[in-house]
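Take a look at the model below. What does the record mark on it, and how do its helices pack? The paragraphs that follow take these points in turn.

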Amino acid sequence: MIEFTFWDIVRNLLLAARWTVLLSLAAFVGGGVVGMVVLFFRIAKNKWSRRMASGYIALFQGTPLLMQLFLMFFGLPMLGLRIEPWTAAAFGLTFFASAYLAEIWRGGVDALPRGQWDAGASLGLHYLQELRLIILPQAFSITRAPTVGFLVQLIKSTALTSIIGFEELVRTSNAINNATFEPFTVYGLVALIFFIMCFPLTQYARSLERRATKN
Amino acid sequence: MGYSLDFGWLADATGAIARGAATTILLIAVTTLAGTLLSILGAAGRRNGPLLLKRAIGVYVEIIRNTPFLVQLFFIFFGLPSIGIRLDPVLAAMLAMTLNMAAYTIEIVGAGLDAVPRGQTEAALALGLRPRQVFVKIVLPQALKVIFPALTSQIVIMMLESAVVSQIAVRELTYEADMLQARTFRAFETYFVVTMVYLVLSMGLRRLLVSGGRRALGAGVS
């Protein structure tokens, strides 16, 4: 039997936390890219493309993330893709994030006055140029606070990937707990590590929000 | 090798799915009541309580909001017994869900309390109402009306997050799905059906809350 000292526990948890960080970043970047596509559909002039995007968003916001992960994990192999916990986790969180980010940014686009579109059109810009040069920069800048807020939610959501077998912070902590029988210390430390990752971002989101309301 | 979908198992599984859904509904019902009550007390305490209480509520809110629900659940269910607090899975789940939801709704309720104009309190006091009556009868109903949409969303989010409590063997919807797929070897179909059940539950819950809120708080609730 291997003896775990307190520092062994901390060291192993910190090593596992790297995967939590990596997965959060991958899902945030991937979710941003897919979310942009969903956003384009969501604000398109075509009624059916708007409906489809709303349906996509409602589907991901109306079902548990855990179920989405399970469906990825068991569903993708049916399409002939070889899937491991890491890919299922990254794909699942990417789609989850895309729905939320698209909805956040859509709020930003809707908040802009109609005149911004008209002004763009009167300058002779076509639709894509209007979006790229006028609408999206403003929409992103006013939704920066909720976007950072969602990143916090995403980091916390990576904990669920432990259930489909991805070796991140929580799964490692389960293993350590099974070896040490010190759940109070182990889960307390895991909570602390998550707190250290999330709290600065929460504060940053809050300061962005304060700055936004001041203007 | 092709994979063909098979929903033949579904006929024998409806009982288990219904039982699981009932437990999920029970969990969220208890959490909604306890969590809303706790967040009203918390928001009021954060505004009018003694300094120490204000600080304590602030720390509690930050800790819960910046750690995953799953870790909170494990801490309560596996961690607390080592300091002598042993909870049965259902109780642990209810406690974790209530504590988690309240941390979010304390801020929501607080924003609602701030949105009620000061003049309302002053007018009520001038009419001779006691401070507690002013809070319960004048300020709180107006605050709840303002925050109702945000509160509804938070309750729905909590219902979806409750899928996680299957991990401490609470026999709710996700737990039943795990059991079913282990028996039928039809993992994708099982989780697909259960996901749809969750979708229906979340849409139904939202509709129920909005119509219930409209009845209790009067028109103007959306």
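An unreviewed UniProt entry lists residues 20-45, 57-78, 90-113 and 190-209 of chain B under "transmembrane region". The model itself is predicted, so set the record against the coordinates with that in mind.

Start with two of these spans. Residues 57-78 of chain B are 86% helix and 0% strand. The C-alpha atoms at the ends of this span are 24 Å apart. Residues 90-113 of chain B are 100% helix, again with 0% strand. Here the end C-alpha atoms lie 33 Å apart.

The unreviewed UniProt entry also gives a domain, "ABC transmembrane type-1", at residues 21-209 of chain B. That stretch is 83% helix and 0% strand. Its end C-alpha atoms lie 18 Å apart.

Now turn to the partner chain. Chain B puts 31 residues into the contact, and chain A puts in 27 residues. Which helices of chain B each supply at least two residues of the side that touches chain A? They are α2 (51-65), α3 (69-79), α6 (131-161) and α8 (187-217). The most comes from α8(B), with 10 residues. By class, the side of chain B that touches chain A has 20 nonpolar, 8 polar and 3 charged residues.

Next, look inside chain B. Two packed helices are described by the angle between their axes and the distance between the axes. Take α1 (residues 10-48) and α6 of chain B. They pack at an angle of about 135°, and their axes are 11 Å apart. Therefore α1(B) and α6(B) are oblique to each other. Their crossing is right-handed. From α1(B), the contact uses B:Ile28, B:Thr31, B:Thr32, B:Ile40 and B:Ala44. From α6(B) come B:Phe135, B:Leu140, B:Ile155, B:Met158 and B:Met159. This contact of α1(B) with α6(B) has 8 nonpolar and 2 polar residues, and no charged residues.

A second pair is α2(B) with α4 (residues 89-115) of chain B. The two pack at an angle of about 115°, with axes 9 Å apart. The crossing of α2(B) and α4(B) is left-handed. On α2(B), the contact residues are B:Ile57, B:Tyr60, B:Val61, B:Ile64 and B:Arg65. On α4(B), they are B:Leu99, B:Asn100, B:Ala103, B:Tyr104, B:Ile106 and B:Glu107. By class, the contact of α2(B) with α4(B) has 8 nonpolar, 1 polar and 2 charged residues.

Note on methods:
Residues are numbered from 1 along each chain as its sequence is written. Chains are lettered from A and ligands numbered from 1 in the order in which they are written. This is a predicted model: local features need pLDDT of at least 70, side-chain atom pairs count only at pLDDT 80 or more; totals for chains, interfaces and linings use all residues. UniProt positions are given in the numbering used here, feature names are shortened, and annotations may be inferred rather than shown by experiment. Helices (H or I, at least four residues) and strands (E, at least two) are DSSP runs, numbered from the N terminus. Two residues are in contact if their C-beta atoms, placed from the backbone, lie within 7 Å. Ala, Val, Leu, Ile, Met, Phe, Trp, Tyr, Cys and Pro count as nonpolar, Asp, Glu, Lys and Arg as charged, and the others, Gly among them, as polar. Axes are lines fitted to C-alpha atoms, for helices over the stretch in contact, and angles run from 0 to 180 degrees between N-to-C directions. Angles under 35 degrees count as roughly parallel, over 145 as roughly antiparallel, 65 to 115 as roughly perpendicular and the rest as oblique. A crossing is left-handed if the near helix is turned anticlockwise from the far one by less than a right angle, and right-handed if clockwise.
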